[in-house]
Amino acid sequence: MQSDRGGAMVAGALAAWFVVTLLSQHPRRKTERLRDLLPGGLIPDWRFFAPEPVQHDLVLVHRTVAANGEQTPWRVTTPVSDRSLLHLVWFPQRRMEKALHEIAGELLGQAATGTRPWTSHHTFVLCRDHVIRAARREPAGHHSIVIGVQFGLLRRPGEEILLVSPFIPCTKGAAR
């Protein structure tokens, strides 16, 4: 009898904790005070809804320039993965896309503020090195010597160009 009452109390407390946790995840911040009910972070702060949900894909593209000055057409550096039902549960390829969104947001913010040259920002260096590595993995084709690369950020759908870098010389020490 005593153990039934104790089990019911534990089950009731866990059910109440679960309901309060779910309610505190609502995107409206009015539910934040629910978290104050239990001290010490006992009500986790998981957000099921992003405060600013992504409504488009960002695509990193690049082109190369050969020693003779000829430029290749723009090529996709980081393709956007096609979605499937399995991706609701398991989608490790999405990490690259999420990283690109974070890097692009910082890079675009830096380019917009103009407080310092955006080409000296650490996010530019990340994009530059990634593009140089991707360009080195490509077959040379009729370009025997690639002397530089250029990258751009596109927003899909619509292929809106957000940012284009200057041409970057490909030196032996760049992007190892």
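This passage walks through the overall build of the protein and then its salt bridges. The model is predicted, so local features need pLDDT of at least 70 and side-chain atom pairs count only at pLDDT 80 or more, while totals for chains, interfaces and linings use all residues. Residues are numbered from 1 along each chain as its sequence is written, and side-chain values use heavy atoms, with hydrogens and water left out.

The protein has 3 helices and 5 strands, taken as DSSP runs (helices: H or I, at least four residues; strands: E, at least two) and numbered from the N terminus. Going along the sequence, they come in the pattern α-β-β-α-α-β-β-β. Take the contacts (heavy atoms within 4.5 Å) between residues at least 6 apart in sequence: 50% of them join residues at least 24 apart.

Of the 176 residues, 30% are buried; that label means under 20% relative accessible area, with exposed over 50% and partly exposed in between (1.4 Å probe, protein chains only).

Side chains of opposite charge can pair when their charged atoms come close. The structure holds 2 salt bridges, each being a side-chain nitrogen of Lys or Arg within 4 Å of a carboxyl oxygen of Asp or Glu. Arg128 pairs with Asp129 at 2.9 Å, N to O. Arg128 is partly exposed at 23% relative accessibility, whereas Asp129, at 16%, is buried. Arg155 and Glu160 make a salt bridge too, with their closest N and O atoms 3.9 Å apart. Here Glu160 is partly exposed at 41%, and Arg155 is partly exposed at 28%.
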